[in-house]
Each structure stands twice: as structure tokens, then as C-alpha cells.
Amino acid sequence: MSRGSGSGYDRHITIFSPEGRLYQVEYAFKAIKSVGVTSIGVRGKDSVCVVTQKKIPDKLVDPADVTHMFKITKVIGMCATGKSPDIRNVVQKARHKAAEFRHEFGYEIPVDFLSTRMADEFQVYTQHAYMRPMAAMCMFVGIDEEKGPCLFKNDPAGYCVGYKATSAGVKEQEAINFLEKKVKGENAGNAFDETETIQTAISCLQSVLGEDLKSKELEVGIVTTENKNFRLLSSDVIEEHLTAISERD
Amino acid sequence: MSRGSGSGYDRHITIFSPEGRLYQVEYAFKAIKSVGVTSIGVRGKDSVCVVTQKKIPDKLVDPADVTHMFKITKVIGMCATGKSPDIRNVVQKARHKAAEFRHEFGYEIPVDFLSTRMADEFQVYTQHAYMRPMAAMCMFVGIDEEKGPCLFKNDPAGYCVGYKATSAGVKEQEAINFLEKKVKGENAGNAFDETETIQTAISCLQSVLGEDLKSKELEVGIVTTENKNFRLLSSDVIEEHLTAISERD
Amino acid sequence: MSRGSGSGYDRHITIFSPEGRLYQVEYAFKAIKSVGVTSIGVRGKDSVCVVTQKKIPDKLVDPADVTHMFKITKVIGMCATGKSPDIRNVVQKARHKAAEFRHEFGYEIPVDFLSTRMADEFQVYTQHAYMRPMAAMCMFVGIDEEKGPCLFKNDPAGYCVGYKATSAGVKEQEAINFLEKKVKGENAGNAFDETETIQTAISCLQSVLGEDLKSKELEVGIVTTENKNFRLLSSDVIEEHLTAISERD
Amino acid sequence: MSRGSGSGYDRHITIFSPEGRLYQVEYAFKAIKSVGVTSIGVRGKDSVCVVTQKKIPDKLVDPADVTHMFKITKVIGMCATGKSPDIRNVVQKARHKAAEFRHEFGYEIPVDFLSTRMADEFQVYTQHAYMRPMAAMCMFVGIDEEKGPCLFKNDPAGYCVGYKATSAGVKEQEAINFLEKKVKGENAGNAFDETETIQTAISCLQSVLGEDLKSKELEVGIVTTENKNFRLLSSDVIEEHLTAISERD
Amino acid sequence: MSRGSGSGYDRHITIFSPEGRLYQVEYAFKAIKSVGVTSIGVRGKDSVCVVTQKKIPDKLVDPADVTHMFKITKVIGMCATGKSPDIRNVVQKARHKAAEFRHEFGYEIPVDFLSTRMADEFQVYTQHAYMRPMAAMCMFVGIDEEKGPCLFKNDPAGYCVGYKATSAGVKEQEAINFLEKKVKGENAGNAFDETETIQTAISCLQSVLGEDLKSKELEVGIVTTENKNFRLLSSDVIEEHLTAISERD
Amino acid sequence: MSRGSGSGYDRHITIFSPEGRLYQVEYAFKAIKSVGVTSIGVRGKDSVCVVTQKKIPDKLVDPADVTHMFKITKVIGMCATGKSPDIRNVVQKARHKAAEFRHEFGYEIPVDFLSTRMADEFQVYTQHAYMRPMAAMCMFVGIDEEKGPCLFKNDPAGYCVGYKATSAGVKEQEAINFLEKKVKGENAGNAFDETETIQTAISCLQSVLGEDLKSKELEVGIVTTENKNFRLLSSDVIEEHLTAISERD
Amino acid sequence: MSRGSGSGYDRHITIFSPEGRLYQVEYAFKAIKSVGVTSIGVRGKDSVCVVTQKKIPDKLVDPADVTHMFKITKVIGMCATGKSPDIRNVVQKARHKAAEFRHEFGYEIPVDFLSTRMADEFQVYTQHAYMRPMAAMCMFVGIDEEKGPCLFKNDPAGYCVGYKATSAGVKEQEAINFLEKKVKGENAGNAFDETETIQTAISCLQSVLGEDLKSKELEVGIVTTENKNFRLLSSDVIEEHLTAISERD
């Protein structure tokens, strides 16, 4: 880093450093982590679940207005981690793209297509001189007609790929370590049913944060093959899962 | 800060520092505080009240022309804190957005939607190279058809969220500490009636400024479920509240 | 200032310094003062008077062409202090805005509205990268249908507010001190009649300049409720006021 | 100057130095003086005369093509001092403005209006980032329907004002000193008749250059109330004036 | 490199260094290698085969979504090596060009034409100031009506040429050394049949990586004169080739 | 020069140095001289002649393609000195302007008008930020309906004036000295007939180059009142003039 | 060079150095030479021949795809030397210009006209700030209706001129020396017949490279008055010429 910092490569968005790095993209990743939130996504055999922390910046904030779960279409959800103004910008663009698609093709945008288009948008921000990369990491979830449950993650560099399970935010690496242990052996084939999917996601978050979470500190979004609409679990339902997890352990 | 100042990251609006910070946004926050005014917003069960200092820069200024309370639509008020030329710019944009909305959809813009759209505008200023962030912090208040009393706050970074009670300006942190004590226990559910709402806001401002305020040093804006129009309290009514507060203590 | 000068914040119009300051705006204020002229505005109960120095740069200049008093509409006057090319630019814009307003709404632009619109224009110059702030300070005077006599002052930062009395230019601070003493006690309510208004403005200028002014060294603009048209006092009338002031003292 | 030169304020057109100066404008004044030509304008009771040096850069130049006197309309003349390519640019713009005016309003553009419009143009060059100020100083002369003889001078900063007599170019200050002595006492009221007007202008130029001028080294432009058309005096007529001056002294 | 790094030539995309080099293009090559993947292309007498590593960034990634083999048209395949967001951008552009061609000319775009057009696009990125070069290296394969099997490779500089066999990525040079030995003597005339073509490509990759590859770590794309459609070999078929190779050696 | 070079004034096209100089324009003059060619123009009583060196860069160049004499219209010739790519650009623009003029006004563009318009174009290049000045010096010749023989010279600064005789290029100053001696006394009134005009131009070039020129090393362009068409003298005719000159001396 | 390199003149495309040089153009010439290829063009009495090296970058490249000979129209050929992505860009532009010409005027573009238009394009790249000069040197050959065999060469500076024989690339100077000896005395008048033309070009290349060339290492393009179509000699025909040359020497 000493080199980049001193020689100015990291102050220009559109240029490569002599090592072929794009520093501004790397700093955007740090900006995401600096928010201090971690999100988890887990894909089961007939459901996808995203869990994120609901951190109320101060006690006076109306908890109803603090959310990182967004319904992009009725059946596609997005769980975003990062700077909230940038996230809102992404939400608007995603909804716009989905609406355009429906208008043009007459059916709903597939979740993998939306996710890829959004990543294309992000890539453009890394290639032009007049904008900074987005400080947002987005998981898109939905039930695809053909592929079944889908979980995609986009990052500021414009990378976009499907996952069995993944994480974003400050404890991303720890969460991935946790998930890799769970999603192997008998579970490698995504054998989780809905309950296992949700509880794996929640217990992963609980584990990496090292604390007992309360239902109100969580947001849990879900889509299932039975009910393809993206929805948030109610506080009570989350509570039940938390209890089940603590009893299980 | 030493690093940012020395290496130039803080002179470019659209780039991240190596720590993922956007310095120009942070300096805009300082510009807001440098004005030396504090504002308070409190949401009750059937009302929302915003209070700010009416600071006359010199004795010759016509007090009637010094205001930080703006009627965006008949039923949406804005209490702005920061550089007054930037505030005026925001007022114009907000009124324009409200008018466009009414024209396009045939009904009044909801206060949360307006607040979010304005925050989107602010976010854009942090992402392009050719403008500086706005040196203004805005609280929007109104009675929503469905959600009832609403209090939103936008900042130069483009953050926007609803609050039970909040503050902006030079004594923001102290005011939030005061409000957090008031809005808890029995009052956490926003049980304040109109009088409690107003007096909480006023006494908060009085407390953080550490002085007895005079009615002419205050501006108090209010919306209630009974009278959804945004209006300022008259000097006499403010006086009555000040007397009630001093008697109560 | 040492910091700003050394670190380059003051060479970029659109960025905040780490303390939240916009240096170019501050330098524009200095450019205004560097012209060496002081202007005074005083609002009475039924009149508004603006007085400024008529400084002939050299003896060969045609005094008839040196003026800082401008008729924006028949009933709105402007007394400008600062760089004369910038002032002329402002005059054109103000007249244009007034004409547009009349065309669009069918009646004359109110003086407070014009003054605010011009301040909006000034604010824009502080926010974009491609123009410098205006080196001009403008007092707008007029008799408002509802508010009666009005005196507004705009500055390069885009601030704009109404005044009972105010000043602009190199001796601004001294003049404000003088005026604050006059406009208080029995006069605080703007009890000045037309003569008192004019003579307060003139004697204020005389006092801060510390010299006896001659009628030809002054420009005195006036609007009254009886004659709403903005007009300049003739040299003879100014002479009479000067005599009255010197006899009074 | 040491400060400006060292700290870079003078390399940016559109910014103020900490002292509120615009260095590029000041350097444009130097560019004008560097041409080494001096011009004089004198306004009499029924005429205006402009005199400038006809400096042939080398003996091979066709003297007929070297002129700094331009007919903008039949009745408005311009005597320009400065860089000749910039002057030509100004001439084109001035003629264009005059033509537009005539087309739009159906009568000839008044000389004061033209002069002010051109100064507006010059001001714009000092405010935008993408052009340098003009290296030209322009005197406009004409007989106004109402004001009679008019003499205006514009400079690179966009200043524009009427004069009884004035000068431009390398010996500007010396010429102004000379003129101030002439235009006072009995002559202060512009009592000069046509002959006195012309001879004052010519003898002023002769005096500041400290040498006997030959008729071919001069250009003398004149408008009179009897013959409003702008015209140049013939070499013979100039010779007669030179003889009269030398005999008079 | 010391020179370029120190003197700033490498921070500007569109300028030549004094030695005539374009540093940003060279850094883009490094960015490609930094991904750590190697690809191989081999052209046989009636087939073309491309092989690349399928590197799953972490175990949780859905392997189905990780691919560097893209079907541009039914009969043209692309094997891309480099930064995946840039690759996706290239895929979109390539498909768009192919569609435009078919629309305009009524038949499928030839593989050499597509490859050249994409290289033109890459060249443009090295010539304008506002974009960085693409961090992607692309092999295009197809069966041309006239030329038979075709293998083209494009790089960030905009170079594009046909190959008998080639490689891209971190072990590019080692692979080329390997291939040069195979494609000579009796094989110089591209005498490979389909099986030899595939196995040469796979064994080349295995050789430069110095490890036994598993079928799931590979992507193998193929077009043949019998079946011109671009298709990926199934995991089982790859396995058979791997076995054959290991038995053969 | 030390100052300009060190302080960066000479690297910005559109700014004045503190001394009021435009360095880029001065460097363009040097670029013209660096070509090593000298041109001469002489105006006689009924003809104008331009002479320039025909320097073949190497022996392999086709001499027929090396020319600095251009026919702009049938009756206007241009002799250009400087960088040949820039010259070609000027030729195109000049022909375009001439064609536009003819189209718009129905008659041929006068030579002085064309020459001035081209100089206007050159001035623009010195005033905007995005282009460099032209490295070309152009003499325009033609027979004007009213003024008779005309010889104009434009330079990179945008200067443009008529000449009795002039020169451009590396030996410009020496040639002007030579011409000044010839064009005086009995010849000052441009009494040269066609032969004298041509031979003065040729012998001037021969004199400043200090060598005997061969006909193939010269280009001689001519217009005469008898034959207004711009044409080049044939090698034989030039030879005759060279012989006459050498015999005369 | 030390000066340019140190003071920054060479990093800006559109500015002159104090010596009047355009460094970026000079660096583009180096970029061309860095490719390591040399080309030769020779014009005979009824033919023009261009010869260049066919350098296969590595043994795997398909030799059929490596060419620096391009058919711009059926009868105009181009032999380009330099960076191959830039060359491809030039080819496209040249073909486009040729097509436009044919469309507009109804007959084939003459070779000299095409060559000049392409040079105009190159000149523009040296005058604007947003593009670098082209790293390509182009020889255009064709049989002109009137002028017969034509050989033109363009360079990155925008120079364009016709040649009897010329060279481009790394051994350009040595080749020119060789050619100057051949094209003189009896051959100065381009007395070469087709065979002599071809063999002069080939033996020149052989001579400057100091090695015996093989037919597959050469590309030879030819147009003749009998067959105006631009075509490449087959490997066998080249072989015959090589044999003839070696036997002759």
C-alpha cells in the first residue's frame, strides 16, 4: 500500500497501478466494511434466506425506517450492505431495470439477469473518470423458474456470481469460514429445508458477532418455492428461530 | 485526519480515502455546525414538532425574514439547519419535487417519499466531480395518511431515516443524549400528546444551550393529526410553553 | 488563514476546507471591500433610503456615468457595492428576472422575491466548479404591497435577508455599529419618517468616513409609500440634508 | 506580486487571490501596455476626438492596413489599443451587436449601450474558466441623440464608463495627468470647440511621447454634432493641426 | 520501469512515454495475470478447443455461475481470461456486435470479423483520455465457412491475430513454450484430430500448472466441423480425456 | 525565458504570464522557423510575387508533391511557411471559407477579407484552452478590384496586415532588412513592374540564403493585373530570371 | 531530451515546448520503430511495389492472419508499419473515406487524395488534447489516371508526400541511404520496369536487415499500369525474385 499511497495511483479511479490494481475499488470495499454491519445469505433446496443486522444508529431512530432489505419486484429481494445513500441509489436503479424489463419483454426479470445487469452498472463506475465506485454490496434472492432458489452477490468492482451461501460486510471472512463448514458433507448439495436454511443463516450471524441476537436486531428476508414472494419474517417468527437455535446448541 | 489533509484525498469530492472515507462530505457536516444553530424534532402520538433557534445575525436584521422553517406543501414542513444559501436551494428543489409529484400522480407527495427523494439528490452531490455536497441538514415533518406523524432527517451524505426525536446542528450530540432519556420507558412508544411533544422539543433546546430562551429566539413548527397543515406557533403561544416548562421544572 | 493558503483549499471554488469553509467566497468579500466604497441602507416607517459614495476614479470620468444605484423596475431600486463589471452583470440579471416575472404572472415582481432569486443565483456560483463567486453586494429596496418598506441585502455567498438598516463595503462593520445605536430604543420600531431615514443614512456614512461629505460625493436613492418609484435625490436636496445634519450636530 | 506568483493564484483565471485580486486580468493590462502604443480621447462641447499612434511595425507594411480606428456603425467609432488580433475579435463582436440591435429595434444602437454591452462581454471572460481576458482597451465615440458627444472606455476587467477625456496604453498615466490639467477651470464644462478638442488630444499625445509627431504617425478619428458620421482626419488636416499646435506653443 | 513510475508517464492513459510505450496498457496485462488463471486454445484440422481453469473463489460459490466460457452466437465461443467484471462487459459488447451484424447483413458474423471488431473496441480504450484499457484477454473460436477451424486472441492493447494454438493468463509464457513443441514437425500443419486437439489443450494446462487437474476444475469448450455449435464438454467427457492423458503419459 | 520556463506559464495556452505574454504563441513562431525555409513576398505596381524554397526532405521524395504554394481560389494564392500538416489544415479552411463566401454573396471573396478571416481563426486558437496555436505563417496574394495588387501576411498570433514586401521563416529578419533597402526611395511607391517584382523577390531570397539558387529549388507564385489567376512560374521562366539576376549583379 | 523530460512539456499532447517541438509526436515515431519491422516502397515507370517483413510474433500464430498489407479499394493498397491496433484503426478509416468518396462523387478516390485526407486526420490528433497521435506509418500505392504510378507516405505528425522510393520503420534511415544510391543517375527518372521495381525493393530490405530473407518472411504488394488492382505476390513469385537477386549479386 505504501507505494500506491505515495505515488498517487490510488487517487485516480480509472487508472491501473503498476501492479494492475484499481485502488479506488479497494477503498470502496473498506467503506462498506466501515459501516460495521454483516449480512448472511444461505440457499436451501427450496428456499433462500438473507439475514442482516438491523442496527439502529441511535435510539431515537424509528426502527421501521431502518432496513437493508428491499423488494425489487414482488419476487426478487435485495439485501444490501454498505453506505445507505449509495444503497438507496442502487435500489432505485434495480427497480427501474426490473420495470423496464417487464415493459419490454412482458414477463418478470429473472433474478440472475437483474443481478448481472446491476453488476454491469457497477463495473461502469470503475471504468469512467467522473464517478466513484458504489460503496454497496448487494445480495439478490429469488426463485428462478428453471434454476430454483437463487442467491447472487454483487460487489463494487462489478463482480457478480451465484452462491450456496455467502456473506458481506465487516465480518464477511469469519462468516464465510463458518458457512463453509456447514455447507459441506451431507449439506453440500443444498439439502437444507426452509427451517435449516433460515437457522443456518441466523446462527452464522450470531456466531461471527459472538453475541446473542435479539429478534429486533435482525432482518430476515426469505423466498420459498411455495411462496415465491420476497417477504421479511415477523419479529415473532425470528424469535422462534432464535429460541430453536439456542435450544439446539 | 493528518493523513487525509496531507495527501490530498480530502480535496477531491468523488474519491475514497484509503480508509474508505469521503472527506468532503465530512467537511460539509462541519460547515453545518459552524453556523452555530441547533434544531430539535420530536414526534408525538398525534403531532410532530420542530424547534430551532432564531438567531438574528445582527440587531439590524429584520427578524421577520430570518427563518429556518419552510412550508414545502401545505402539509409538509421542513426545518433546515446549515448554510442559509444552500438551505434556500434545497427549499426550491423540495417544492419543485412536491409540485411535480402532485402534477404526475394527482395527490400530495407523502412526506417519507419527499424526504427520500431529497436525500437521493444529496447522494448525487457526493458522487459526481462537479459539485460540492450541500451544507444543509433537513428535517421533514408531516402527518402521513397511513403512518401518522412522521419526522425524517436528511444529511449531506444523503442519509435519510425516520426518527422518534432527533436533532441537528452544533449541539446535536448533546440534544440526542437529552432526547434519548426522554423517549424511553413509558414514552418510548411515542406516547407524547401535542403539548408534551412541543415542550419536550423546547426544553431539550433550552437544556443543551444552557440558557433561558425567549420566545422571539425560537421558531416552533407543528403538524397535528387534527390540523395537518404545517404552521409556526405564534410568539405568545411559545411564551406560554416556556412559562409552563419553567414552572414545571 | 495560513492553513488554507498553504494547502490549496482556497484555490478550488467548489470544495470545503477541513473546517467547512469555502475560501473563494471569503476572498470575494475581500474583493468587494478592496473597491474602497461604503454603502448604507436605512428603512423608515414609510420609506427606504440607500446611500453610497460616488467615487470618481479620476477627474476626467464623466460623473454622470458613475453610479451604483440602479433602477431594476420602476419601483425597485438596487444599490450595489463591489467590482463594477460584476455589478453590471447582476443588474442585467435582475432586470431580466423582473421582466420574466411580469411576463409570466402579469404583475410586478415583489422586492423580496427578486432579492431571493438573485441570491439563489449567487449561491449557484459557489457550488459549481466553472465560475467564481460574484464580487458584488446588493441592497434591494422597494415598497411592498403588504409588508410596506423593504430593504434586502445579498452577498457573494448567496445570503439574503431583510434589514432595518445595514451597510456594505469597506467600512461595513463601523457603519453597522453606528446604525445599531440609532435603531434602538424609541427608533427600534422603524419609527423614522422620510427625513429621519435619509439623514440617518447620510450621517452614518459621514461618520464612518470621518469627513464632511459634499453632495456630489454621494448618491442617495429613495422609495416612499407616497411615491413608490425608485429615484435618486438631486444634488440640491442632498445638500439640504447635509446642511441640516451639520446644523443638528 | 511575489505572493501571487509563487502560490499559483495568478495561473487560474477564475479564482480570487486571498487579497481578492484576479491576476489574469491584471496581466492582460500589461499585455496591452506591452504593445507600446498610446491613445487619447477628448470630448468637446460638440465633438469627440480620438487620437492614436499609427506605428508601422516595419517599413514594408502597407500603412493603409495599419489602423486602430474602426467604424462600428456609420456614427459610432472605436479606437482600440492592445493586441491587434484581440482587437479584431472585438471589432467583429461590436459590429455584430450593433447589427443585431438595429435589426431588433429598428434604430441605431446608442453608443453608451454598445459600449456597455461590450464591457459585459469582457466581464464574462473574467468569470469563466475556459477563456483568457481580452488584451484590448476600447474607446467608443459617438453623438448621442440626447446626451450629445459621448466618449466611453472599456477595459479587460469589463469596466466601462464615460469620460470627458481619457487615455489608454503605455503612457496612459502620463496622458491622464496632462488631460486633468487641461480639462479644468474654464474647460471643466467641456467647453472645447471642435478645433480645441482635436488639438488638445493631439498635443496630449505629443507631450507624453516627448517628440514631434508627423501626420503619418497619427490616426485621428472624429464625430461632431454637425456631422455625426465617424471619420478619420486626412493627413493634410492632421498636418494643419500639428502646425497650429507648434505655432501656439 | 523506474523511469515511468517516477515521472508520471504511467498515470496518463493516452500519452506515450519518451520510449514510445503506453504504460497503462502494460499494467492492464498485469491485472489480467493477477487473476491467477491460465487458458489454452488449440486448433486442430477439424476442431478448435479452448480450455481454462474453473477456479471457485470460495467453496460457497455456486460452481454453475462461475464460467469463463461464453457463447457469443450459437457457433462462436469465447474463452476469456482476466477481471470478471470487464469480461462481462466484453461479452455484452460481443453479443451486441454479433446481433447487429446478423440484423444488417442477414447472416451470422464470421468469427474473424467479430474478433477484429472487438479488438478495434479495445484499441479505442487505449487512445482516449476518459477510459482505462480493458483487463481482459479473449480467445474467439468458431468454424469459418471458408477458413475452417479458427482461433483468435485479442488483448488489452487491441492486438488480434489468428493462432494454431495459444495461451492467456498467468502461465501464458510456459504454455506457449509447451505448445510450440507440440505444434511442430508432423503436427505443424494442424494435423490434430478432435481428440488430439482436446488432449493437447488439457495436457498443456496440466503441464504448466504442475498438478493433476480434476474434471470439475476445468472448462473445455469445443467447436468441430461436424458440429459447429460452440459447446462445453460435460464433466464425464473431460474425465475420460484426463484418464486417457494420464494413461498415455 | 528562465522565468516562464520555470513557473509554468508557458505550459498553459490560455493564460497570460505576469509580463502579459502568451508563451505558447511565441513557441509556435519557433516551430515555424525550425522548418528551415524562408519565403518572400513582393508587391509591385501591377503584380504580386511570392517566392519560397522548395526543399526536398530527401532525394527520394517526388518533387511534384512538395509545394508551399496553394491556389485558394482561381485568383487568390497562398504561400505558407511552417509545419506542413498545419499548413494543409489552413489550406482546407481557407478554401472552405472562400467557397462559403461565394455561395453566400455570389461573388469571389476579396483577398483582404479572406486573409482577415483566416487570422480571426488563428486568434481563436490562442484564446481557448483546447487547441494549440497553428505553426504556420501564410501570405495571401491577389489582385483586388479596387485596391489592385494585395499582399497579406498572417501569423500564429492572429496578426494580419498588408505589406509592400515581406518575408516569413527562418531568415525572416534578414530578408526584411534586404527588402527595406529595395523598397524605398524611387521604389517606395511600389513602382516595380512585373519583372522587377519577381526579380526583387528572388534576389532577396538568394541574398539571405547566401547561395546561388537553382530553378528547381524555388517556387515562384504570381498574380498580375493582366492575368489575375494565381499561377506558378515554370522552371524555365525561373531560370531566365535567375540568369538575369546574376547578369545584372 | 533532458529538458523536455524533466519539465513536463512532453506529457501534454497539444502544447509546444519552448523550442517549438511537439514531444508526443516524436514519441509516436519511437513507438513505430519499437515494433522492429522495416518496410520499403519503390515506384517504377509502370508499377509501384511495397515490401515489408512478415514477422510472426511466435510460432503458434497463424501466418495467414499476420499482414501489414491492406487493400483499401480494389486499386489502392496500403503497407503499414507500426502498432498493429493503431494500424487497424487507420485501415477502417481509410476504407470509410474511400467509400464515402465513391458514394459522393461516383468514381474511385484518387490515391493522392486519400493519402492526404488520412494525413489530415493524423494532424488533428496532434492538435487536440484528448487523443494521442497514431503510432502508424502508412504507404499508399496506386496507379493514378493522370499521374501514373503513385507512392505516398503518411506519418504520425500528419506529413504526407509522394516518393520515388521510401522506407518506414526501424531501419528507415539505412534503407533510404540504400535507395538514394539506386534511384539516381540513369534510374532517377523512375526508369525501373516492374521486375526492377520489385527487386530493388526486396534487395533493399535484404541489404538493411543484413540477412538472406525467405519468401515467407516477406510481404510484397504491387500495382501495375497493366493490372491496376492491388495484389500480393505469391510465395513462389517472391522466391523467384529472391533467387534472381542472389544470382545477380
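Mentor: Here is the tour, from chain contacts to helices and sheets.

First, the ground rules. This is a predicted model, in which local features need pLDDT of at least 70 and side-chain atom pairs count only at pLDDT 80 or more, while totals for chains, interfaces and linings use all residues. Residues are numbered from 1 along each chain as its sequence is written, chains are lettered from A and ligands numbered from 1 in the order in which they are written, and side-chain values use heavy atoms, with hydrogens and water left out.

Start with chains A and B. Chain A gives 32 residues to the contact, and chain B gives 36. Contact means heavy atoms within 4.5 Å. The size of an interface is often given as the accessible area lost when the parts come together. Here chain A and chain B bury about 2,900 Å². Carbon and sulfur atoms hold 53% of that area. Buried area is the accessible area (1.4 Å probe) that two parts lose on being put together, summed over both.

Now the charges. Side chains of opposite charge can pair when their charged atoms come close. The rule for a salt bridge asks for a side-chain nitrogen of Lys or Arg within 4 Å of a carboxyl oxygen of Asp or Glu. It finds two salt bridges across the interface of chain A and chain B. Asp62(A) pairs with Arg43(B) in a salt bridge, and their closest N and O atoms are 2.7 Å apart.

Turn to chains D and C. Chain D puts 36 residues into the contact, and chain C puts in 32. About 2,900 Å² is buried between chain D and chain C, with 53% from carbon and sulfur atoms. Two salt bridges cross the interface of chain D and chain C. Arg43(D) and Asp62(C) meet through their side chains in a salt bridge, at 2.6 Å from N to O.

Which pairs of chains do not touch? Chain C and chain F make no contact, and their nearest C-alpha atoms are 13 Å apart. Chain E and chain F are not joined either, with their closest C-alpha atoms 14 Å apart.

Next, helices that meet across chains. Helices (H or I, at least four residues) and strands (E, at least two) are DSSP runs, numbered from the N terminus. Helix H4 (residues 111-125) of chain E packs against helix H3 (residues 84-105) of chain G. Their axes are 9 Å apart, and the angle is about 110 degrees. Axes are lines fitted to C-alpha atoms, for helices over the stretch in contact, and angles run from 0 to 180 degrees between N-to-C directions. H4(E) and H3(G) are therefore roughly perpendicular. Angles under 35 degrees count as roughly parallel, over 145 as roughly antiparallel, 65 to 115 as roughly perpendicular and the rest as oblique.

Who touches whom? From H4(E) come Thr116(E), Arg117(E), Ala119(E), Asp120(E) and Gln123(E). They meet Pro85(G), Asp86(G), Arg88(G), Asn89(G) and Gln92(G) of H3(G). By class, this contact of H4(E) with H3(G) has two nonpolar, four polar and four charged residues. Ala, Val, Leu, Ile, Met, Phe, Trp, Tyr, Cys and Pro count as nonpolar, Asp, Glu, Lys and Arg as charged, and the others, Gly among them, as polar.

Over all chains, a search of the whole structure finds 70 salt bridges. One of them pairs Arg88(E) with Asp120(A), at 2.6 Å between the closest N and O atoms. Arg88(E) lies in helix H3 (residues 84-105) of chain E and Asp120(A) in helix H4 (residues 111-125) of chain A, so this pair joins two chains.

Finally, sheets. Chain B has an open sheet of five strands, ordered S3-S4-S5-S6-S7, with antiparallel pairing. Two strands pair if DSSP finds at least two bridges between them. Strand S3 (69-73) and strand S7 (160-162) of chain B are the edge strands, each pairing on one side only. Neighbouring strands are turned by 25 degrees against each other on average, direction ignored. Helix H4 (residues 111-125) of chain B lies across this sheet, at about 160 degrees to S5(B).

Chain D has an open sheet too: five strands in the order S8-S1-S2-S9-S10, paired antiparallel. Strand S8 (165-169) and strand S10 (231-232) of chain D each have a single partner strand, so one side of each is left without a neighbour in the sheet. Inside it, seven bridges join strand S2 (residues 47-53) to strand S9 (residues 218-224) of chain D. Gln53(D) stands opposite Leu218(D) there.
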